[in-house]
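Subject: Structure handover

Hello,

I am passing this structure on to you. Please look it over first, then read the notes below.

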Amino acid sequence: MDFEPVDEDAESQQGEPEVQRNCKACSGCQKFHLTVSKWMLPEHSRDTYLERANCIPPPIFIILISIAEVAVFIYYAYWMTDKQLITLDEGIWNSPFTYRPDKRQEAWRFISYMLVHAGVQHILGNVFLQLLLGIQLELVHKGLRVGLVYIAGVIAGSLASSIFDPLIALVGASGGVYALIGGYFMNVIVNFDKMIPLFGVFRLLSIVAIVGTDVGFALYRRFLSNAVGHSVSFVAHIGGGLAGMTIGYVVFSSYNQSLVKDPRFWICIVAYVVCFLFAVLFNIFLSPAS
């Protein structure tokens, strides 16, 4: 009796989602895209993503933002100061990028503060988190959507700080980072019933552990640290997180869908604009920093 040869590779791959081998950047990234789809998308959207998975263009936005932040940190840490890597010293305090209450009429500071950081732990933590989460989000949702959420978080963070911590300076990319985290967190919550239970719990615990550690360090630096230097506000974490849990959630839950046709998106935009206008009016007429 003759037997047909068995293709062990084909047999071992039964039951796994088919991944299109259309990646232009490398020949072995299909498994990476499969992992990204499991982490970033609900089950019903994964096949569509895998059919279109492509490493070109790469996640340019989050990489360029990270490079810019590291470059500015190195400039102020090594060229403008005496290699002061831990505390916010006069070099960073006098930077035209830093948000300062006494210079809040220079409107660009409400965004540019994301480029400067208070110390080596600050820059390493923010860059690590935004690369870890942002690269995967940008592979799925592309740079325009990730950039929208990130910048919305940066602006929300500085405006929230100007209201709730109005006499304290602000530096760091935490507003943008927490917008990405907030959007991802809400998607995990909403799609929890579509995940393998242990996988969903692991993702939630990972987010809680990362956020708890980072916010705890920010609170310590703001209220308890005796290090020499100016205090730095922590409110941007909260403002950025709220922006992520609203705008970020809608953007990241609308994979392969038009945002302009989603009423949730416009509701979030209107709410964001109302809060933005309130913060502007507060800074003009009511701020104790005046």
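**The largest pocket**

Helix 11 (263-286) contributes the most to the lining of the largest pocket, with 7 residues. Bear in mind that this is a predicted model. Helix 7, helix 10 and helix 11 each supply at least two residues of that lining. The largest pocket holds about 420 Å³ of space. Its lining has 18 residues, and the closest to the centre are Ala 156, Gly 239, Leu 242, Tyr 272 and Cys 275.

**Helix 9**

Helix 9 covers residues 197-224. Its 28 residues should span 40 Å at 1.5 Å a residue, and the end C-alpha atoms are 39 Å apart, so the two values agree. Which residues of helix 9 are buried? They are Gly 200, Arg 203, Leu 204, Ile 207, Asp 214, Ala 218, Arg 221 and Arg 222. These buried residues pack against helix 2 (30-40), helix 7 (120-164), helix 8 (174-190) and helix 10 (235-252).

**What the record says**

An unreviewed UniProt entry lists residues 60-78, 139-160, 167-190, 196-220, 232-252 and 264-286 under "transmembrane region". I checked two of these spans in the model. Residues 60-78 are 100% helix and 0% strand, with end C-alpha atoms 27 Å apart. Residues 139-160 are also 100% helix and 0% strand. There the end C-alpha atoms lie 30 Å apart.

Best wishes

Terms used
Residues are numbered from 1 along each chain as its sequence is written. This is a predicted model: local features need pLDDT of at least 70, side-chain atom pairs count only at pLDDT 80 or more; totals for chains, interfaces and linings use all residues. Side-chain values use heavy atoms; hydrogens and water are left out. UniProt positions are given in the numbering used here, feature names are shortened, and annotations may be inferred rather than shown by experiment. Helices (H or I, at least four residues) and strands (E, at least two) are DSSP runs, numbered from the N terminus. The expected span of a helix is 1.5 Å times one less than its number of residues. Buried means under 20% relative accessible area, exposed over 50%, partly exposed in between (1.4 Å probe, protein chains only). Contact means heavy atoms within 4.5 Å. On a 1 Å grid over the protein atoms alone, a cavity is a set of points where a 1.4 Å probe fits but cannot get out, and a pocket is an open set with protein on both sides within 12 Å along at least five of seven lines; lining residues have an atom within 4 Å of a point. Grid points are joined across faces, edges and corners, and a volume is the space filled by probe spheres set on the points.
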